[in-house]
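Here are my notes on one helix packing and on the aromatic rings. Please read them beside the coordinates.

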Amino acid sequence: MQRNLEQTPTNGQRKTGVLGPLREELQRHLHYTLGHHNHKDDPNYFYRASAIAIRDRVIEHWRTTREKFATTDSRRVHYLSLEFLLGRSLDNAIQNLGLSESLRMSLHEFGVQLEEIAEEEQDAGLGNGGLGRLAACFLDSCANLKLPVAGYGIRYEFGMFHQRIEGGHQVEAPDHWLRDGNPWEIERPESTRTIKLYGYTERFHDEDGVLCTRWVGSHDLLAVPYDMPIPGYQNETVNTLRLWKAAATDVFNLSEFNAGSYPEAVAAKNMAEQISMVLYPNDASENGKELRLKQQYFLVSASLQDVLADWVEKNGEDFTDFGKKNCFQLNDTHPACAVPELMRLLVDEHKFDWDTAWSITTECMAYTNHTLLPEALERWSVALIGHLLPRIIEIIYEINERFLAEVSQKFPGDSGLLSRVSLIEEGENPHVRMAFLSIVGSFSVNGVAHLHTELLKKGLFADFYRIWPQKFNNKTNGVTQRRWLSNCNPRLRELLNETIGTKWEANLEEIEALAAHAEDAEFRRRWREVKQANKQRLMRYVNKHTGVRFVPSALFDVQVKRIHEYKRQLLNTLHVVHLYNRIRRGDTSGMVPRCVLVGGKAAPGYYLAKLIVKLINNVADVINNDPAAQDLLKFVFFPNYRVSAMEVICPGTDLSEQISTAGKEASGTGNMKFMMNGALTIGTLDGANIEIREKAGAENFFLFGLNAQEVEATKKNYDPNSIIAADGDITQIMELLESGHFNKAEPGIFDVLTSGLRNPYDQWLTIADLRSYIDAQQRVNDAFTDHDHWDRMSILNSAHSGWFSSDRTIQQYADEIWNVSPLE
């Protein structure tokens, strides 16, 4: 089909600064911005033209919001995160600007469908999983609530990785999400910052005779900012996500080039650009560790310099109110270097004495913890930090010395306490405990679900809670309903708007009104029609990407999240094997058809997680090719799980699998997205599952497994082999796995997994929870046979999801940690 690109207004025919109708803007950008004149059917050009046209409409609100930022006397918040998993921006922007129908109609005049061009946008590869997606939700809510909050991250050239499945194995390929450019970003070279690495420190006396320290002999590089707009929901507020790109101070060495040393001529450029090249480089090697630490310091140094430069421009060297007017929220331990880096800037660059600088620092730093796994708390070797960041390691040691003196004075004679809370983990190869550094340097330390926070206070950070109980608080996570309900589930959005009005899009507490309709048979019928349509869409999506055809009338049973042992995709797989075994032996009476989907990425260096991916694919291959299972069971591993995939998966899901070992999941946010869209949860009492069950009602949640206290008690005398031997179903599951039924051509490949299940020291207690899980899945099966009852539970889950909006979470941050007010 040819596109009508004629009669485009020239630049001279348009009034400067005035935007014309959207259709005219599309034509102008196609002709003049993109130079697209050949009328060929190319949806990518139409996507780029649409993105630029919509961005143009964002610019004015963006400018006025920035002016309010510049003139407000309110505190400003700087959200530091190594990840921002934004997903696609076009749909989100047009929804928040109220331009969805206008763009749809304008594109229709060209014979183009909005859905067609939206698929051309690459998912922004700025995050891995829940941490980055949470940060993106938080920025959306900050803009929706008109809060003066800016995000700071890294502009990764390549995302986590593009996941392919070959022979059942995960294969990582580069995720070059920027290959076609990013029409949403604006480069701000005037705000470029210089970052120091390597070198050494030296003492000197300044002109007043004061002994000072300076960092010299460093290898410097540049941090170049790129700004992305974060529009609020139809409120004329557009906040900013500033992303830093690494660049060399000397891009090209002409002397080396002329001497024929071509690689050396661009060596500095290549070394610098590595820092913002890849999200989460594999840190199994020393080079990988060094690059990861470089990324973390690069982010915080550039961001802090940015904020301080803005402060000095407005206030000069008067930092009296800096702590009162600024707050740096550390999203997990990745930005922990912000504490010593702010000290370095204040002491070395702005010439403050230590006590004044420490007072400023501890007044404006706040730390969010996202993990209960001790091994996930970052530790960097003193040698590495000293080599890469010589001034920073000195400051860390000084912070630690003063902190331990304070603790010793408060708890005299408790040498064990001093050893446990020291920022330095002593030993043959001393390490810096980055979480401890974050706690010591912050005025607030929060967990992300009630159970998580309680376990932090009683376990992981018990000593710090004893020292500073006032620092600790809980902020249960949330997700934005605008992307995760309104935008990704348009059919349900229309039904909700017709039934309870539209206020829920800005305030999800309004969705509670839905509960009154759960007993309405006609409403339940329409609810089920929406769900079936979404399942049809998901069926087509799965078939397109895996070749497996789901049956829409079946139970759609979904587990999508990062692949990790504690998240227990292996437990899910054992249940699928159980169902398959029942089918093989003819025990299918009352069994509802079930389609099980698992998706997620395993870290490239995480061998066991990748082996679990392989097992899932092998089991799926056997089941999906067995005629006996065709009408009752399908099993797929969905490749390259990402935000845009979740936007299709979530609305079509019946059952949400949240089955981590109790006490291991900090919160989870996928569970909230599924709940909003009416999926029922099967889960343990872990993370935010506890609060989901409280809000939805115990009768609308499929609970199984040990709780956190029982997990710890069970570990003391755990005997999985006795459990296996005493349970016929579990015995048969293990026999199928250990006999090689799913790996006949690859003998022994899964032995490490099966032996792990039998290991009394298996900290995930998979076998301990398996019988309870099987029984809970049978309750799911029985409930699904009663469509009216299931639909009623589904409606009530959605109706009671208001608490899990990130708007509520952010309002709590604003009121209880940040002390900020909306910009009006």
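1. Phenylalanine 472 is buried, at a relative accessible area of 10%. Buried means under 20% relative accessible area, exposed over 50%, and partly exposed in between (1.4 Å probe, protein chains only). Tyrosine 465 counts as partly exposed, at 30% relative accessibility.

2. This is a predicted model: local features need pLDDT of at least 70, side-chain atom pairs count only at pLDDT 80 or more, and totals for chains, interfaces and linings use all residues. Residues are numbered from 1 along each chain as its sequence is written, and side-chain values use heavy atoms, with hydrogens and water left out.

3. How many aromatic pairs does the count come to? The count is 25 aromatic pairs. Rings of Phe, Tyr and Trp (its six-membered ring) pair if their centres lie within 6.5 Å; planes under 30 degrees apart count as stacked, over 60 as edge-to-face and the rest as tilted. Tyrosine 465 and phenylalanine 472 are edge-to-face, at 5.6 Å centre to centre and 90° between the planes.

4. Phenylalanine 702 and tryptophan 790 have ring centres 6.0 Å apart and planes at 25°, so this pair is stacked. Phenylalanine 702 lies in strand 23 (residues 702-703) and tryptophan 790 in helix 33 (residues 787-799), so the pair ties together parts 88 residues apart in sequence. Helices (H or I, at least four residues) and strands (E, at least two) are DSSP runs, numbered from the N terminus. Both phenylalanine 702 and tryptophan 790 are buried.

5. One aromatic cluster is formed by Tyr79, Phe84, Phe138, Tyr813 and Trp818.
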